[in-house]
Each structure stands twice: as structure tokens, then as C-alpha cells.
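Trainee: I would like to learn how to read a model of this kind. Where do we start?

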Amino acid sequence: MSQQQPLVIDVHGHYTTAPKALEAWRNRQIAGITDASAKPSPSELKISDDELRETIETNQLKLMKERGSDITIFSPRASFMAHHIGDFEVSSTWAAICNELCYRVSKLFPHHFIGAAMLPQSPGVDPRTCIPELERCVKEYGFVGINLNPDPSGGHWTSPPLSDRHWYPIYEKMVEYDIPAMIHVSTSCNACFHTTGAHYLNADTTAFMQCLTSDLFKDFPTLKFLIPHGGGAVPYHWGRFRGLAQEMKKPVLEEHLLKNIFFDTCVYHQPGINLLTEVIPVENILFASEMIGAVRGIDPRTGHYYDDTKRYVQATANLNDAQRYQVFEGNARRVFSRLDTTLKAQGR
Ligand SMILES: [Zn+2]
């Protein structure tokens with residue numbers, strides 16, 4: 001299998017290019033929180049299939065074809081989730097709209113996009129309230145994963161750690177459906193944390209450490225978390241985490257966490273990917289670019305887009321062809337088992 005060209009599966013993409021009508025509707029929804037007369041109904045948002053097609057064909061799909069990636073696991077724009085805005089009803093309506101758009105994209109381009117769900121989280125609200133939307137996305141929309149926000153307060157960290165029983169209703173559903181969660185915060189409303197430069201990477205590191213200090217995966221041996229953005233500071237500080245686990249009398253990290261935690265390749269330079277693939281076992285690395293996302297420019301030192309991560313994975317000397325197959329395809333099929341089922345049904 002390693003001799004064939006792998007299917008290149010990008011496990012981390014968001015609908016950052018949705019038609020402007022979506023943002024306009026959201027702005028009216030936010031205005032409606034303080035002025036009920038401004039509140040729009042979901043049916044007032046009208047976006048045609050042609051508009052969806054145009055935003056994908058001229059953006060994500062165009063770059064996928066240029067760069068040679070085949071499928072993107074596609075979720076609503078992370079920074080727009082903004083779970084801190086409004087109450088559960090606001091989040092619930094917003095999540096349903098955003099998920100439906102990703103579903104429609106997956107129907108228009110079934111060979112290139114498959115959905116992952118945004119949850120209608122809201123600060124201080126029981127995560128159990130997210131289950132109906134999660135069920136709809138998996139059962140009706142064929143989504144293969146979820147994005148779980150460990151901090152719906154948007155940078156103030158008012159929720160319990162991911163190891164707390166608070167989150168268990170979500171985990172029970174994930175295990176039942178065999179879907180992974182990408183641990184992904186949304187926009188920061190704390191001025192100390194830049195959204196994509198600090199808050200995202202802080203959250204990645206924080207999520208890993210919350211798992212390390214706990215015995216969460218003893219309660220959920222088959223639970224799967226994908227920690228994005230290359231795992232934040234985790235791979236770079238692997239020795240620190242190993243040493244902390246040792247002092248806490250935890251098992252070695254391979255036993256304690258790496259049956260359940262995976263990292264993506266959204267690291268935007270070659271030395272970063274070299275480090276990731278040197279430190280983290282190849283079984284735990286899934287290809288992703290988060291394109292079109294936070295970093296959209298061209299690196300003047302290479303002449304290529306920073307987020308063209310496939311180049312780095314191909315160029316690193318740490319991987320042989322069989323290992324590259326794992327990173328591009330094999331690991332994604334294993335971690336996102338419902339994606340594998342869908343691909344097989346498509347004859348892929
Ligand atoms: Zn993301």
C-alpha cells in the first residue's frame with residue numbers, strides 16, 4: 001500500500017470563506033441579543049448552492065488541487081464559533097446554521113469534503129445540551145468528528161478541565177459513535193491572548209496537560225482527541241511533559257496518552273515538522289493544513305505558502321514512504337473511522 005500514492009486527507013479545514021451573508025446574519029443575531037426586534041430568523045439567511053460552490057471552487061478546492069490534497073475534514077470557521085456570545089439558544093441556532101452549510105458543501109463536493117461538527121457550547125451550560133446537534137450531524141449529515149471547545153468563555157477558562165465529569169456526556173457519545181474530537185478553541189475575548197497566535201496554541205498545550213494530570217483515558221480507553229496546530233508547545237517540550245508525568249507517577253506518555261491523543265501537522269515551517277516527526281510517534285501524526293486559515297501569506301524564504309504543509313511532510317527526512325502513507329492517509333482512516341467507512345463506500 002505504501003507504494004501507491006496515498007490519498008491525502010487533510011483533517012483540519014474550516015469554512016473560512018463562507019458567503020458574506022452568513023456574517024451579516026450573525027451580526028444581526030448578535031444585535032438581537034440586546035434588541036429583540038433585530039433578531040433574525042434562521043430562514044432569513046439565504047445562500048444558494050451556486051454561491052457555496054463558488055466560494056469553495058475558487059478557494060479551498062482550488063488550493064487542494066494545486067497542492068495535491070484529496071479530502072478535507074471540514075468544519076465551521078473556528079474563530080466564528082464564539083461560544084461566549086449570548087446564551088445557549090444563540091449558540092444552538094448559530095451552530096445549526098454553520099453545520100448545515102458544511103453539510104451542504106460536503107453534498108456538493110462529496111469526494112473532497114466531509115463534515116466535522118461545531119457544538120452549540122455556551123459558558124456555564126451543561127455540555128449535555130450539545131448532544132442533539134452532535135447526533136444530527138453524525139446521523140443525518142454523515143459528519144465524522146466534532147470540534148470540542150475546552151474554553152467556551154473565549155479566553156477566561158471558566159469551564160472545568162477536560163478530565164472533569166462535566167464533559168463526560170460528550171465523551172460517551174463520542175465513544176458510542178467512534179468519532180474523535182479536535183480540541184479547538186474559538187476567538188479570544190481576552191485582550192491578553194491573540195486568537196490564533198496565543199489562545200489557540202495555549203489551548204492545545206493546556207488540553208494536553210489536562211489529560212496528562214488526569215486518568216481520563218482509564219475511564220474512556222477508546223476516546224480520541226486530536227490536538228491541532230501541531231500540538232501547541234507539546235512536541236517541542238516533550239521532555240518536560242515526560243518528566244512531569246514521571247514525577248506524578250503516571251505511566252510513560254506512550255501508554256498514558258498516546259493511545260488516545262493525536263497531533264496534526266499545522267506547523268508552518270520545515271524545522272517544526274522535522275521536530276514533530278522526530279519526537280512524536282508516526283502513528284500519532286495526522287496530516288492537516290488548516291487552509292484557508294490563520295496564516296495565509298507566502299514565506300519569502302521559500303516562495304511557498306506557509307500553510308502548504310504537504311511540502312514539509314514530503315521533505316522531512318524523518319519519514320519513509322510507508323510512514324508518509326500513515327501521516328497522509330492511514331492514521332486519518334484509523335482515527336476517523338467513519339471517514340474510512342465513507343471512503344470505502346465510495347470505492348476509495
Ligand atoms: Zn482550526
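Mentor: With how elements are named: helices (H or I, at least four residues) and strands (E, at least two) are DSSP runs, numbered from the N terminus. Axes are lines fitted to C-alpha atoms, for helices over the stretch in contact, and angles run from 0 to 180 degrees between N-to-C directions. Two residues are in contact if their C-beta atoms, placed from the backbone, lie within 7 Å. Here helix α7 (residues 195-212) lies across β6, β7 (225-227) and β8 (261-264), and runs at about 140 degrees to β7. This is a predicted model: local features need pLDDT of at least 70, side-chain atom pairs count only at pLDDT 80 or more, and totals for chains, interfaces and linings use all residues. Residues are numbered from 1 along each chain as its sequence is written.

Trainee: How do I check the span of α7, and which of its residues are buried?

Mentor: As for burial, a residue is buried if 20 or more other C-beta atoms lie within 10 Å of its own, exposed if 12 or fewer, and partly exposed in between; the C-beta atoms are placed from the backbone. The buried residues of α7 include His199, Tyr200, Leu201, Phe208 and Leu212. Their cover includes β6, α8 (216-219), β7, α9 and β8.

Trainee: Which residues of α6 are buried, and where do they lie around its axis?

Mentor: An α-helix has 3.6 residues a turn, so residues three or four places apart point the same way. In α6, Ile170, Tyr171 and Met174 are buried. Seen down the axis of α6, these buried residues fall within an arc of 95 degrees (the arc of the directions from the helix axis to the C-beta atoms), so they line one face of the helix. They pack against β5 and β6.

Trainee: In what order do the strands of the six-stranded sheet stand?

Mentor: Two strands pair if DSSP finds at least two bridges between them. The six strands form an open sheet in the order β4-β5-β6-β7-β8-β9, with parallel pairing. β4 (117-118) and β9 (285-286) are at the edges with a single partner strand each, so one side of each has no neighbour in the sheet. Within this sheet, β5 (residues 146-148) and β6 (residues 181-183) run parallel and are joined by three bridges. Leu148 is opposite Ile183 in β6.

Trainee: And which strands form the three-stranded sheet?

Mentor: That open sheet has the order β1-β2-β3, and its pairing is parallel. Its edge strands, β1 (9-15) and β3 (113-115), each pair on one side only. Neighbouring strands are turned by 35 degrees against each other on average, direction ignored. β1 and strand β2 (residues 71-76) run parallel and share five bridges, and Ile9 has Ile71 as its bridge partner in β2. On the other pairing, β2 and β3 are parallel over three bridges, with Thr72 opposite Phe113 in β3. β2 is mostly covered, as six of its six residues are buried.

Trainee: Which residues have the most contacts inside the largest nonpolar core?

Mentor: In soluble globular proteins, nonpolar side chains tend to be buried together. A nonpolar core is a set of buried Ala, Val, Leu, Ile, Met, Phe, Trp, Tyr and Cys residues joined through C-beta atoms within 7 Å. The largest one has 88 residues, and Val11, Val105, Ile227, Leu286 and Phe287 have the most contacts inside it. Helix α4 (residues 88-108) gives the most to this core, with eight residues. Not counting residues up to four places away in sequence, the residues that Val11 touches include Ile73, Leu226, Leu286 and Phe336.

Trainee: What backbone angles should I look at?

Mentor: Most residues other than glycine have a negative phi, and most peptide bonds are trans. Trp157 is not a glycine, yet has a positive phi of about 50 degrees; Trp157 lies in the loop between β5 and α6 (168-177).

Trainee: Is Trp157 buried or partly exposed, and what of His229?

Mentor: Trp157 counts as partly exposed, because it has 16 C-beta neighbours inside 10 Å. His229 also has a positive phi of about 50 degrees without being a glycine, and is in the loop between β7 and α9 (238-247). His229 counts as buried because it has 25 C-beta neighbours inside 10 Å. Just after α6, Asp178 takes a positive phi of about 50 degrees. The peptide bond from Met291 to Ile292 is cis, with omega near 5 degrees, and Ile292 is in the loop between β9 and β10 (298-299).
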